[in-house]
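Hi everyone, thanks for coming.

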Amino acid sequence: MTAKPAQSTNLDPLINALAGIEIITEPSQVAKLSQDYHSFSPVLVPKLAGKVGDIVLRPTNEQEVLKIAATCAKYRVPVTVRGAGTGNYGQCVPLHGGVIVDMTRMQGIPWVKPGVARVEAGVKLAALDKKALQFGWEMRMAPSTYRTATIGGFIAGGSGGIGSIQYGLLGDRGNILALRVVTLEEKPQIIELRGDDVQKVIHAWGINGIITELEIPLGPAYPWAEVIVTFDNFITAAKFGQSLGNADGMIKKLIAVFASPIPQYFTALHQYIPQSTHPAFLLIAEPSLELLPGLVQQHGGQITYQKPAQDSGKGVHLAEFTWNHTTLHARTIDTSITYLQSMFPADSTLQLVERMYHHFGDEVMMHLEFIRVNGRVVPAALQLVRYTTEERLNEIIHYLEAQGVSIANPHTYIIEDGGRKVINPEQLKFKEMVDPYKLMNPGKSKAF
């Protein structure tokens, strides 16, 4: 049943007050813009069924955002902010109707300087990369949805991605320099957060102010070659990934390792991955390629595919088979498949990966993404799970946690029940200041 806010009777005066701002009221469009990819989770689908907003607003600049914030606060109407809707946990699904604020028309890039860029929240990651490349720089990291995802959505709902092998996770100190947010008050403020203060807003699923602009550091742009290496043994493939990750002199942007039978879901790549082998997908800077064959040979692998950087715009993009695109490809063929997000303890990483690989077999198919955590390269996992029941899924999660594996649960729409566990007290204090009527994405945090 569709959730409607108690304040829905106020929508007519609200709409009248927002004349001049693009407003979408057509029900099927509003319903579409109330969704994300939470369909990856068979647990979330029934829980979020029928949750839609009442109207969608599309501001084109910060002044329009201020007007929206003031009006929604005046009429006490819930507000859910969205970017491209490429998240997977229902971050932008409104639990209590109200207004959806679609930020995708705020696409300005005020400036790009050596090593840093200032962008509006609705800028697509691929567009920022294209602009930065003109100056010899690029985004440090991006999700596998980088062609459609917005920078504001990534900061509010994402955690890392392609490039995290070099730069760590999005929330690590230094990966976001500044955020500009609008408060949800009758007289809204514009607040600029810099340095460590950005932690008050990042990965808060839009409950702590409307992000309008961001300042992010860039990385030096390299010519990235795409490579597939296959192995007869999964653990050998994982050890190769770890060795490559530890090779500090080799510049890489992606190391993804897949246990068989995951490659069966990569239809476009079948010719490069022999049956029953376990591939590693790599993005490596071309100057480092010369060192790769020796490392591959040490681990008994075979290079089966290589695309030079000059051809990066042609054919398939390996990055779009990694991170959560792996789940997308699998679900295209088998909709019963879901996934987990795991972090293995650094002191027993590969031994524990091996134990879990053998313990679960094909029920939990191992997919590793190597990232940098506290200066060390470790494999995170986005395992594919053959879903049967919610009870069995919870059993799997509890077993992994009992073994010391940290789970960022993608089967909940509550921030604390996912990867956060608890919300930072500084975030809570900031929330009270910027959202005094508790109208922003209500229902997504236990703390409120």
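This is a predicted model: local features need pLDDT of at least 70, side-chain atom pairs count only at pLDDT 80 or more; totals for chains, interfaces and linings use all residues.

So, helix H8, residues 234-246, and helix H11, residues 349-360, have axes that come within 11 Å and cross at roughly 155°. Axes here are lines fitted to C-alpha atoms, for helices over the stretch in contact, with angles from 0 to 180 degrees between N-to-C directions. That makes H8 roughly antiparallel to H11, a label for angles over 145 degrees. On the H8 side, the contact (heavy atoms within 4.5 Å) is made by Phe 234, Ile 235, Ala 238, Lys 239 and Gln 242, and H11 brings Leu 350, Val 353, Glu 354 and Tyr 357.

Residues are numbered from 1 along each chain as its sequence is written, and side-chain values use heavy atoms, leaving out hydrogens and water.

Next, Thr 145, in the loop between strand S7 (137-139) and helix H6 (151-157). Is Thr 145 buried or exposed? Buried, at a relative accessible area of 19%; the cut-off is under 20%, using a 1.4 Å probe and protein chains only. Leaving aside neighbours within four places in sequence, Thr 145 is in contact with Thr 86 and His 325.

Last stop, Tyr 387, in the loop between strand S20 (384-386) and helix H12 (390-402). A polar atom of the Tyr 387 side chain lies 2.9 Å from the backbone nitrogen of Glu 390.

Technical notes. Helices (H or I, at least four residues) and strands (E, at least two) are DSSP runs, numbered from the N terminus. Angles under 35 degrees count as roughly parallel, over 145 as roughly antiparallel, 65 to 115 as roughly perpendicular and the rest as oblique. Buried means under 20% relative accessible area, exposed over 50%, partly exposed in between (1.4 Å probe, protein chains only). A polar contact is a pair of N or O atoms within 3.5 Å; within protein, one must be able to donate a hydrogen and the other to accept it, and residues adjacent in sequence count only if both atoms are side-chain atoms.
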